[in-house]
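Please look through the structure below, then follow the text from one part of the chain to the next.

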Amino acid sequence: MPQEIMKNIYCISITLPNSPLRNLNSYLIKGEERNILIDTGYNHPECREGLLNGLNELEIDMAKTDILLTHLHADHTGLAPEIAVPGTRVFISRAEIPWMFGTSRKELWALDNIKLARSGFDMELINNSLRNASSRNMASNPEFDKYLPIDDGDEFKCGGYTLKALVTPGHTPAHMCFWLEEQKTMITGDHVLFDISPNITLWNFVEDSLGDYLKSLKAIDSYDVRLALPSHRGTGDFHERIAELLAHHEKRLEECYEAILNNPDSSVYEIAGKMTWKIRCSSWEDFPINQKWFAVGECHSHIRHLEMLGKVKANEDEKIIRFRAV
Ligand SMILES: [Zn+2]
């Protein structure tokens, strides 16, 4: 049952199968002539049923609905091509369009595999885990190519509201938040989550994803946000949460630096194994492979930020990249 958050704005909670995120909050804004739907859920029958039930209950005509995607991740974008009909416009941040379809997506995924191998991940393990990775096998239909670009500052009007797009890179290369200035409400996507800290990995073609993320967090902290609408689970105090997230990464950077200092010439994979993770596992070896994949990505973004700060140095001469403290 969609929940009305404010007049004409509804939250459809979509269950995400086998995901620690648990649910996706899809937001629907009902307008006089056209509606806006923000994010969709995985390309998976259970998500599709949840989304379609919500849209039916709200009597939404998809021909009169535009879909805004906060970012490229499959739990947000997976169903957009499935539910779009002639008349639906599908928007996503301009720089994220190459991740969405066709050969450009395939090439980007292949580059991710190379990066994992250079991180010290066993290639066979990578291939096994990627076969089951929800980010890939529940992703949107690669044939759909009718994405329209969103740029920073673009405005969308619907149901008496104006949504201003704010590019907030970090979690993904060009993640978008949507700001409703009059209502002092921000749709935060995965940029600010309250019950979990957003995963920050190191993206190809991005120099310093964590640096971007910290900068984007500080940038939106200057908005007078009274209500945050995140993409997963519940909400909370926006500014307090930003302070917590900044402190969290500061602590993780220290921990990562210590791990490199005490284990010179280690790979990203080995450094990740020396850090602490919120997972019930007796050892790094026992981590489920998909959790290792997240941990290595998260660790890599922190190492890169330390490199940018001049605190660690990479040796890229061998097949596997190794790091030491400067
Ligand atoms: Zn995400």
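Two residues are in contact when they have heavy atoms within 4.5 Å. By this rule, and leaving aside neighbours within four places in sequence, Ile303 is in contact with Cys256, Ile260, Val268, Ile271, Val312 and Phe323. This is a predicted model, in which local features need pLDDT of at least 70 and side-chain atom pairs count only at pLDDT 80 or more, while totals for chains, interfaces and linings use all residues. Residues are numbered from 1 along each chain as its sequence is written, and side-chain values use heavy atoms, with hydrogens and water left out.

Ile303 is one of the residues with the most contacts inside the largest nonpolar core, which has 42 residues. A nonpolar core is a set of buried Ala, Val, Leu, Ile, Met, Phe, Trp, Tyr and Cys residues joined through side-chain atoms within 4.5 Å. Buried means under 20% relative accessible area, exposed over 50%, and partly exposed in between, with a 1.4 Å probe and protein chains only. Among the elements that give two or more residues to this core are helix H5 (123-131), strand E10 (176-180) and helix H10 (289-308). Helices (H or I, at least four residues) and strands (E, at least two) are DSSP runs, numbered from the N terminus. The largest share of the core, eight residues, comes from H8. Another core, of 34 residues, lies apart from it and includes Leu72 and Trp99.

Helix H10 has 20 residues and reaches 29 Å from its first C-alpha to its last, close to the expected 28 Å. The expected span is 1.5 Å times one less than the number of residues. Among the buried residues of H10 are Lys292, Glu298, His302 and Ile303. The buried residues of H10 pack against several elements, including helix H4 (102-118) and strand E13 (312-315). After H10 comes Gly310, with a positive phi near 80 degrees.

Which residues coordinate the zinc ion? They are His71 (NE2), His73 (ND1), His171 (NE2) and Asp190 (OD), at 2.2 Å. Donors are N, O and S atoms within 2.8 Å of the metal (3.2 Å for Na, K and Ca); water is not among the atoms, so sites may look incomplete. Along the chain, the donors follow the spacing H-x1-H-x97-H-x18-D. His71 counts as buried because its relative accessibility is 0%.

Finally, Ser19 is found in the loop between strand E2 (9-15) and strand E3 (23-29). Ser19 is buried, with a relative accessible area of 15%.
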